[in-house]
Amino acid sequence: MAPKGTSSVNFDVKSPASLFFQDFMVKTKFPKEGHAELEIDNVAGTGKRRKRYKMSRFQITKEWYKTIRESVPNDEVWQNPDCFKKLEGTMTVIVKEDGNGAHGVWTVDYEKTRGDLDDPRFIIKTCVKFFKVMDENLTS
């Protein structure tokens, strides 16, 4: 397994993109300055514009991961973030064209302390479960 890599997971949420992203910012307690941005781009061939909320380059620490993991029911898998020299997350939330909910993209850039360690797939899956629980709480 490669010592460095990037892994992404796509998921959908029922919440409006702006609400989901704001809740993500509050719950994760990451500093916005230098990390959070709003991108607006044109959808090719449609003349429409699309909003994309993005929080990038933040450190996934053991303490943060523990907090996230405790919020996810029935998540018994643990993968130690200390096994990585670099573990940075990027959350992108894109407004759906029909306006009902949003698409999420959770991307993790990593560098392992040793080449024989697993990729951070359990950390990634746990985070996506947390985002789904967060969405359920926003829409219930």
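Trainee: With which side chain does the side chain of Ser56 make a polar contact?
Mentor: This is a predicted model: local features need pLDDT of at least 70, side-chain atom pairs count only at pLDDT 80 or more, and totals for chains, interfaces and linings use all residues. Residues are numbered from 1 along each chain as its sequence is written, and side-chain values use heavy atoms, leaving out hydrogens and water. A polar contact is a pair of N or O atoms within 3.5 Å; within protein, one must be able to donate a hydrogen and the other to accept it, and residues adjacent in sequence count only if both atoms are side-chain atoms. At 3.2 Å, the partner of Ser56 is the side chain of Arg57.

Trainee: Is Ser56 buried or exposed?
Mentor: Ser56 sits in strand S3. Buried means under 20% relative accessible area, exposed over 50%, and partly exposed in between (1.4 Å probe, protein chains only). The relative accessible area of Ser56 is 6%, so Ser56 is buried.

Trainee: What distance separates the C-alpha atoms of Arg50 and Lys96?
Mentor: Arg50 belongs to strand S3, residues 48-59. Its relative accessible area is 27%, so Arg50 is partly exposed. Lys96 is 46 residues apart from Arg50 along the chain, yet their C-alpha atoms are separated by 8.2 Å.

Trainee: In what order do the elements of the chain run?
Mentor: Helices (H or I, at least four residues) and strands (E, at least two) are DSSP runs, numbered from the N terminus. The chain has 3 helices and 5 strands. From the N terminus on, the order is β-α-β-β-α-β-β-α.

Trainee: How many salt bridges are there?
Mentor: The rule asks for a side-chain nitrogen of Lys or Arg within 4 Å of a carboxyl oxygen of Asp or Glu. One of them joins Arg114 and Asp116, at 3.0 Å from N to O. By this rule the count is 6.

Trainee: Is Lys112 buried or exposed?
Mentor: Lys112 forms a salt bridge with Asp119, at 2.8 Å from N to O. Asp119 has 26% relative accessibility, so Asp119 is partly exposed. Lys112 has 2%, so Lys112 counts as buried.

Trainee: How far apart are the closest N and O atoms of Arg121 and Asp118?
Mentor: Arg121 is partly exposed because its relative accessibility is 38%. Asp118 is also partly exposed, at 34%. In their salt bridge, the closest N and O atoms are 4.0 Å apart.

Trainee: How far does helix H3 reach from its first C-alpha to its last?
Mentor: H3 covers residues 121-139, which makes 19 residues. The expected span is 1.5 Å times one less than the number of residues. That gives 27 Å expected, and H3 comes close to it, reaching 27 Å.

Trainee: Which elements do the buried residues of H3 pack against?
Mentor: Those buried residues include Ile123, Phe130 and Asp135. Contact means heavy atoms within 4.5 Å. The partners are S1 (4-13), H1 (17-28), H2 (62-70), S4 (84-95) and S5 (102-112).
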